[in-house]
Amino acid sequence: MAPDEEGIDQWLDVNQFPEHLKKYWFQRFKIWQKYNEGVWMTEDAWFGVTPEPIANKIAVHIAEAASKEKTIIIDAFAGVGGNAIAFARSGRWEQVFAIEKDPKTMKCAKHNAEIYGVSKKIVFHTGDCFDIIKRFIGKNNVVIFGSPPWGGTEYNADNVFDVSVMQPYNLDTLYKKFSKLTKHIVLYLPRNSDLNQIARYAPEGKKAEVAHYCMLGASKALCVYFGDFDFEGGEEVDASAS
Ligand SMILES: C[S@@+](CC[C@H](N)C(=O)[O-])C[C@H]1O[C@@H](n2cnc3c(N)ncnc32)[C@H](O)[C@@H]1O
């Protein structure tokens with residue numbers, strides 16, 4: 001089904017594809033295996049979507065490392081659905097919530113979830129995640145996943161990315177707001193994020209695990225796992241998605 005709203009696109013021909021995004025055209029099947037089944041995207045979404053092999057790998061890691069009592073996962077910055085779809089496909093969760101503040105981006109997420117056959121397995125909320133997650137306060141069975149905006153492409157410029165200046169939400173804001181709901185938090189951050197800054201948020205006497213997610217031999221991003229995630233005996237954490 002073709003989108004009927006300006007700003008939502010289903011590019012099936014390179015000639016329609018915006019020139020400034022061309023590099024993503026060549027990666028489209030790495031990003032969405034079912035791209036040709038009619039995936040919807042916004043122009044902005046190409047910069048932030050989690051490629052499917054990485055989203056699947058993250059979903060496996062969280063599914064295996066979270067304790068069995070954790071039955072709800074919230075994707076706080078769901079975008080066009082890359083991670084939420086992978087969480088739903090894993091079959092690990094009783095409930096998967098996807099929160100996205102931009103209505104057009106959310107329309108894409110819902111449509112893409114249909115393509116992947118999991119639209120009924122995700123509860124979608126359009127709005128500000130920091131407000132919506134308040135509904136879950138008091139529940140102790142929640143894991144929160146966040147792939148926040150990183151603030152343009154500036155994170156490529158520095159050798160070490162200063163997470164205190166990440167825009168529009170820095171690590172301090174994300175950690176403090178999310179930890180009011182749960183201490184089991186997974187954040188998807190630039191691959192060159194400052195690990196010393198991240199380590200300061202590890203709860204007293206506990207570790208924060210960090211995993212790099214790679215495609216085509218290079219790290220695309222890292223996830224930091226705060227809280228009770230048990231990677232012992234599981235798969236290698238520093239795994240390649242490619
Ligand atoms: C990096 S993208 C997420 C990409 C997503 N993981 C995917 O695979 O499509 C970040 C998203 O967060 C959304 N966003 C930003 N601030 C938000 C907020 N306060 N609440 C909910 N969504 C927000 C943006 O509109 C954007 O779509």
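Helices (H or I, at least four residues) and strands (E, at least two) are DSSP runs, numbered from the N terminus. Residues are numbered from 1 along each chain as its sequence is written. You're looking at a predicted model, where local features need pLDDT of at least 70, side-chain atom pairs count only at pLDDT 80 or more, and totals for chains, interfaces and linings use all residues.

Start by selecting the ligand. Its shell holds 21 residues, and the closest are G48, F77, G79, G82 and C129 (a residue counts as near if its C-beta atom, placed from the backbone, lies within 6 Å). Now colour α5, β2 (95-100) and α7 (129-132): each gives the shell at least two residues.

Show the residues where they touch: E52, A55, N56, I58, A59, V60 and A63 from α4 meet G82, N83, A86, F87 and S90 from α5. Contact here puts C-beta atoms, placed from the backbone, within 7 Å.

Last stop: click N56, in α4. Is N56 buried or exposed? N56 is buried because 20 other C-beta atoms lie within 10 Å (20 or more is buried, 12 or fewer exposed, in between partly exposed, with C-beta atoms placed from the backbone). Then pick F231, 175 residues away along the chain: the C-alpha atoms of N56 and F231 are 17 Å apart.

Technical notes
Contact = placed C-beta atoms within 7 Å.
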